[in-house]
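Please open the structure in your viewer and keep the selection tool at hand. The tour below moves from one selection to the next.

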There are 8 protein chains.
Amino acid sequence: MLFKDGDRIIFAGDSVTDTGRENALGDGDYGLGNGYVRLVNTFLTAYYPEYRYDLVNMGVSGNNSRQLLERWDRDITALDPDVVFCMIGINDIWRQFDAPAKPYKHILPDEYEANLDQMAQKSKNVRDFIFLSPFFMEANKEDAMRKMCDEYAAIMRRVAKKNNRPFVDIQAEFDKFLQHRSGIGLSWDRVHPFYIGAMIIARAILREIGFDRPLF
Amino acid sequence: MLFKDGDRIIFAGDSVTDTGRENALGDGDYGLGNGYVRLVNTFLTAYYPEYRYDLVNMGVSGNNSRQLLERWDRDITALDPDVVFCMIGINDIWRQFDAPAKPYKHILPDEYEANLDQMAQKSKNVRDFIFLSPFFMEANKEDAMRKMCDEYAAIMRRVAKKNNRPFVDIQAEFDKFLQHRSGIGLSWDRVHPFYIGAMIIARAILREIGFDRPLF
Amino acid sequence: MLFKDGDRIIFAGDSVTDTGRENALGDGDYGLGNGYVRLVNTFLTAYYPEYRYDLVNMGVSGNNSRQLLERWDRDITALDPDVVFCMIGINDIWRQFDAPAKPYKHILPDEYEANLDQMAQKSKNVRDFIFLSPFFMEANKEDAMRKMCDEYAAIMRRVAKKNNRPFVDIQAEFDKFLQHRSGIGLSWDRVHPFYIGAMIIARAILREIGFDRPLF
Amino acid sequence: MLFKDGDRIIFAGDSVTDTGRENALGDGDYGLGNGYVRLVNTFLTAYYPEYRYDLVNMGVSGNNSRQLLERWDRDITALDPDVVFCMIGINDIWRQFDAPAKPYKHILPDEYEANLDQMAQKSKNVRDFIFLSPFFMEANKEDAMRKMCDEYAAIMRRVAKKNNRPFVDIQAEFDKFLQHRSGIGLSWDRVHPFYIGAMIIARAILREIGFDRPLF
Amino acid sequence: MLFKDGDRIIFAGDSVTDTGRENALGDGDYGLGNGYVRLVNTFLTAYYPEYRYDLVNMGVSGNNSRQLLERWDRDITALDPDVVFCMIGINDIWRQFDAPAKPYKHILPDEYEANLDQMAQKSKNVRDFIFLSPFFMEANKEDAMRKMCDEYAAIMRRVAKKNNRPFVDIQAEFDKFLQHRSGIGLSWDRVHPFYIGAMIIARAILREIGFDRPLF
Amino acid sequence: MLFKDGDRIIFAGDSVTDTGRENALGDGDYGLGNGYVRLVNTFLTAYYPEYRYDLVNMGVSGNNSRQLLERWDRDITALDPDVVFCMIGINDIWRQFDAPAKPYKHILPDEYEANLDQMAQKSKNVRDFIFLSPFFMEANKEDAMRKMCDEYAAIMRRVAKKNNRPFVDIQAEFDKFLQHRSGIGLSWDRVHPFYIGAMIIARAILREIGFDRPLF
Amino acid sequence: MLFKDGDRIIFAGDSVTDTGRENALGDGDYGLGNGYVRLVNTFLTAYYPEYRYDLVNMGVSGNNSRQLLERWDRDITALDPDVVFCMIGINDIWRQFDAPAKPYKHILPDEYEANLDQMAQKSKNVRDFIFLSPFFMEANKEDAMRKMCDEYAAIMRRVAKKNNRPFVDIQAEFDKFLQHRSGIGLSWDRVHPFYIGAMIIARAILREIGFDRPLF
Amino acid sequence: MLFKDGDRIIFAGDSVTDTGRENALGDGDYGLGNGYVRLVNTFLTAYYPEYRYDLVNMGVSGNNSRQLLERWDRDITALDPDVVFCMIGINDIWRQFDAPAKPYKHILPDEYEANLDQMAQKSKNVRDFIFLSPFFMEANKEDAMRKMCDEYAAIMRRVAKKNNRPFVDIQAEFDKFLQHRSGIGLSWDRVHPFYIGAMIIARAILREIGFDRPLF
């Protein structure tokens, strides 16, 4: 499996990662939040109880790629991680839709690409760096925000490739689910997943890292 | 799989089941709480999105088997379930340890057996009825409360057998985990599991019901 | 104009109407909430200060058409209104999407039609009775929930016609707006409008009732 | 219309402008409060959905003209606005009535005039700068506070003229309303308007800026 | 002095009397509120420490004369008072101004007169019954609400006379104060007095009952 | 009267003066608290409405004379008062009784005298400076804390004389009241007066400053 | 020792007994509060861990002897206690001091005696019934409330004797402590003890019941 | 006895000592918390009322020995104590069990020994310095966390000996209790004692310091 015993694994991101990480309680793990990071940790601890993986949630609600880049040295590099997951971009997009009159809150594709690239550059010494695509829980690919989200995900895929880092297509995971079931109920705003969406993201991460134990 | 499309599945129990079911939000499912019931629902929805399973959390914090029996007709039978899971007994035991001077709060083995039996009798028309053992997250089998808990679990197993109903040994699941990792961090009081314990219980239930989809 | 001096005008509905009606403060009007009812009242008072229109908000959050019908006599008829607006149905639909496994929370088209018809029948003596269509703030007409919402709106239109009562197509109002601007920002869940959606609804109502004063 | 696509429009003022701007939610517009600024934004977005107007609420509760002037560079100029609305003065007046023994809280006419003039001078490069008169929701022009308010409004009108900037007489708008309807209910203290007063102010602003779309 | 040692003295009224009577603390007197009743009690206890006067605050916020009459038997007569003060009517008036479209909330002069008269009739066995005029803290006698308030006060005076009970003109007390000082600061809404208004009312009551001790 | 129109009058002290001065509302006077300072202001405004007295509450809960002295320049002198009232000392005493093992919280007589003297020296340019004695609402002069309080009051009287400043014996005022009525009910802890005690202190201050208007 | 293994021991009383019994947490004992009952339980459990004493706190804040008598059957007799402690009377007394004008809140000596006697009569079948004197934490025996408290304690002693039940003189315990240390700090109001007073009461109870284990 | 009149006695530690020391109320002693420190103070004050012992609670929740050492100069030495009690180490241990993947939160035996030794070295001038063993309220000596706790206690004993300071074996006190009674109910997490555990610790301290007064 990708993770080694004793690894420090950081999840960088926005509110989809953060999920109230200040408030989570229990399991002897500090500040993991209530979302996909928590669920990944739960799987790893329940299925690999003999290993020690130090998962650290570094999501900050509201962050766009510019803000994440600004805190990268302090919040990511300084912690000297073995593995970094980076899921960012939905706020770069969202503000273009919910605050169209405030362009200073919009991160356009070029800057997004540059920001991601800098994150990857700053992380050259990180053993494993995995990009997780931004996603929008809307099945209709013609929806304007979904479309833009796909465009940003494509940018992330390109940056990942350029830097020889893996890219996990979370949007594709949701699309599979949405073939069978309405997205209503997955989320209020199609951006923040509830429990089932957290499971969908966690599953994709577990597969990517080579989770290799049977469910039972 | 045990569950059929459209089944109503009730989880009867105490605070281990309840887990704040009033407060849970999201996924379009009402009152599932934040514990193993929620996790079972999350697995089922994420992996069987094309089916409809109506999970209902009927745990009540603080309940012992006497109190659960008292509300059985109103809270379980009246909802006409297809499947019932029943996990009860830890409060029957716990009060003998934390309130030794209050015998009216203790449910002794004979009454426990009779209470369980009545629940099973009242549920003859329920298609599937599964007992889930009470458990104590303590590896030392000589610990007094663990010992008593094992005794009560044995009673439950006997009642299950007598009524030809399956019995899932949740304690055994925790014991396997505890071979590899300390129980400290699983719980504050060794009674109420955090996330990882919820996963351990959910996994046992999923296996019991014949969950048959691959993790990836 | 449709309203006469001294009229009592009731708005029957769900949370889209309710909008926290317990908490609203000011303007000497009690319990109007913070949504479209409040805005209609604000327009009427600011533009027709010499008339007295007694607007009453009778929305109840979470109501479907079955629940609204149950309280119709007590909450609507008993107040002896001159005019009734009735906007209901989104919860009839929504639960089919966010709680698909709980069919007892779904109001299917036949019952919806019957419920609306009974409301109209019970209101024969009300001078003016106006149906306001349910709506979903999603531009894509192929979206599953939008589609069902259009189907329910068509039912309402049919019931209105059968009872010789006007029908206001609120969905059409939103569609016009959505031609120019994304719906993101209009609402979190595409069901509950913020300020701008309240304006869109209020405008449709004002036009329907023949608001006849110039803006300046 | 006065506003151009992409304009940044700042509303400078006191609590009449502020209206809890920290707390407002929705419509993808941040910190607009619940008063006239919000309503202007609602009108503009609902009626001109194809344009982008960046409205910014810079009211601070309790401010008099001295305090607004002190923060002018930081809060107004630094944001480089295209349009500024400035409604200030009621606290300059009010403290003379409710804290007569605290003269250091009173801003007398000469200072008020100087303060306004400095604001206008500092805003020479702002394309459009509009003064909005302070007002007191009292019909009786002989009322002492109304009288002083009229005096301060006259000063503002003079400063506006001297600087070749428009002046909107909000007091006159309220006076028209008060011919038909008591001011009781418009406000508790005749200073802070509820919904209807917000509509009256917003209407005056919309007319001033040449709002040119039909209501329906 | 009017009060005898051991008298029970009830203050019947609305929010002007109530003043949060549930919450008041201290002085060993229960539920006196923070307004004029409290101040009367403070004067009596400080200046006549050797006597025992049982003051009871029976104000209920929001009450009009109809509502006070409805609870008269239960709240006033049943307590068998020696003295009753009755200050009521401002809500009878106020709703005509702040809720003009809700006539069922308006108590018109004829009903007001009848209500007061019934209160007096029901209190024939009360040794002392004193009417306290409603008042509006507005100096301008041409103000519409002030005018109506004067009309209602005149009705109260007439009812008092008919029943041979004293009438205290509280409005006249405020008018004297308003000759010297603005009413702004006395109250936010001109209905609910702060500390100084409480002093003005208390002083009028003390004079009426023949307070006969020197201030020093 | 001692106060002149326009005077600034500061009340320096501890919690007996402070009385929650942050929270008080109304009467257009800011931060007067709910105790004797408020009541003095209420009397002055109600009886001398034509004059302007700027009362400022500078009590700080918990202060002893050492702490008051430390903030004297900043809180008293810097405000350039015309009149200062100084009531301090009860915490100097109280800690000797309720925290006998913490001598660093005790202010002994010599330091108390020096502290008071310094306050008087620092206030040479203040037109009127009045000492108000500390007091303990206990009639029994042999009570240990009462005794010590009398000793400290005697020190204050001596300092007042030495500096040619008046001294008001508040303890004597309470003693008069306690001849007629139990102190129970005046206060919970015999240190913090409720309403009646505030009246007793206010009365003494009013007499000292030559209040010269009739009560009616 | 007086208590036998398995005894149910009830503490009947007012707020001195109650001490927030709803809120106490821990030690597996439900609703013991934070006062002397808790401390007695702590001693018994720590020193006699092999026995089971079921202590039940039945204090109700604010109760006087009339109110305690009214609930005696329901709250005491119905629980079938082996031992009852009864400490009541301070509110019978206190209201005479802090609410002198409200005689219906005063329980005079004759009624107090009758109430106590009825409690004793109703408890004839209780194996052990112990009266605990009311007390006032004031050393001065000439203090009016102390004096009355001594009078009521003497009545209790008489009732105890008449019914052949023991009487514990709690006041005497406090008097011993007060010889060495001021009562200030024991309590704010001399009625409700803090920790040290709880220890003083608990010690007297332990001695009375024949606590017979060494401290170490 | 070990303590002399006027001694300052500091309790250094973690949450077992802290016990909410900010919030404690009463007894004129500031910040003692609700645990064993409070109980030691209560015993000392109730039994030695003529002496003055200044107990100071310097526990900080969550502290391990590294953190306590970091604040030693500021929090302990700077207060110039006569006596210091030092109970630390459970968090050094606990994190190894509940956060096994976060080794930077683990204090291993060597560092623990060095930290304790430095505390002792820094306290050479303190007249009496007493180590109190960390403890785990678990009777089973084979339990992993209990075992490690015994190991750390042995280290503390060794450091105490090396520095010629007494060592109190608190674990042994709990072991005695646990022979007779289950530890369930003593604590939720076996780390933080409730009332009875506080008594057990306080008793050991009192014995160590030579408490020499009879219980009665």
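What follows is a walk through a predicted model, stop by stop.

**Stop 1: the sheet of chain G**

Select the strands of chain G. There are 5 of them, forming an open sheet in the order 2-1-3-4-5, with parallel pairing. Strand 2 (54-59) and strand 5 (167-168) of chain G stand at the edges; each has a single partner strand, so one side of each is left without a neighbour in the sheet. As background, strands of a sheet pair through backbone hydrogen bonds, either parallel or antiparallel.

Helix 2 lies across strand 1, strand 2, strand 3 and strand 4 (128-132) of chain G. Its direction is at about 175° to strand 2 of chain G.

**Stop 2: strand 3 of chain D**

Move to chain D and select residues 83-87, which make up strand 3.

Which strands pair with strand 3 of chain D? One is strand 1 (residues 8-13) of chain D, which runs parallel to strand 3 and is joined to it by 5 bridges. Here D:Phe11 stands opposite D:Phe85. Another is strand 4 (residues 128-132) of chain D, paired in the parallel sense over 4 bridges. On that side, D:Val83 stands opposite D:Asp128.

**Stop 3: chains A and B**

Display chain A and chain B together. A rotation of 180° with 0.0 Å of shift along its axis places chain B on chain A, with an RMSD of 0.0 Å. The two copies are thus related as by a two-fold rotation axis. To find that axis, select B:Leu215: of the residues of chain B, its C-alpha comes closest to the axis, at 3.4 Å. Of the interface residues of chain B, 100% are also interface residues in chain A, so the copies meet through the same surface.

**Stop 4: chains G and H**

Finally, select chain H with chain G. The contact takes 34 residues from chain H and 34 residues from chain G. Between them the chains bury about 3400 Å², 70% of it on carbon and sulfur atoms. How many salt bridges cross this interface of chain H and chain G? The rule finds 0.

Terms used:
Residues are numbered from 1 along each chain as its sequence is written. Chains are lettered from A and ligands numbered from 1 in the order in which they are written. This is a predicted model: local features need pLDDT of at least 70, side-chain atom pairs count only at pLDDT 80 or more; totals for chains, interfaces and linings use all residues. Side-chain values use heavy atoms; hydrogens and water are left out. Two strands pair if DSSP finds at least two bridges between them. Helices (H or I, at least four residues) and strands (E, at least two) are DSSP runs, numbered from the N terminus. Contact means heavy atoms within 4.5 Å. Axes are lines fitted to C-alpha atoms, for helices over the stretch in contact, and angles run from 0 to 180 degrees between N-to-C directions. Buried means under 20% relative accessible area, exposed over 50%, partly exposed in between (1.4 Å probe, protein chains only). Copies are superposed by least squares on the C-alpha atoms of residues with pLDDT of at least 70 in both. Buried area is the accessible area (1.4 Å probe) that two parts lose on being put together, summed over both. A salt bridge is a side-chain nitrogen of Lys or Arg within 4 Å of a carboxyl oxygen of Asp or Glu.
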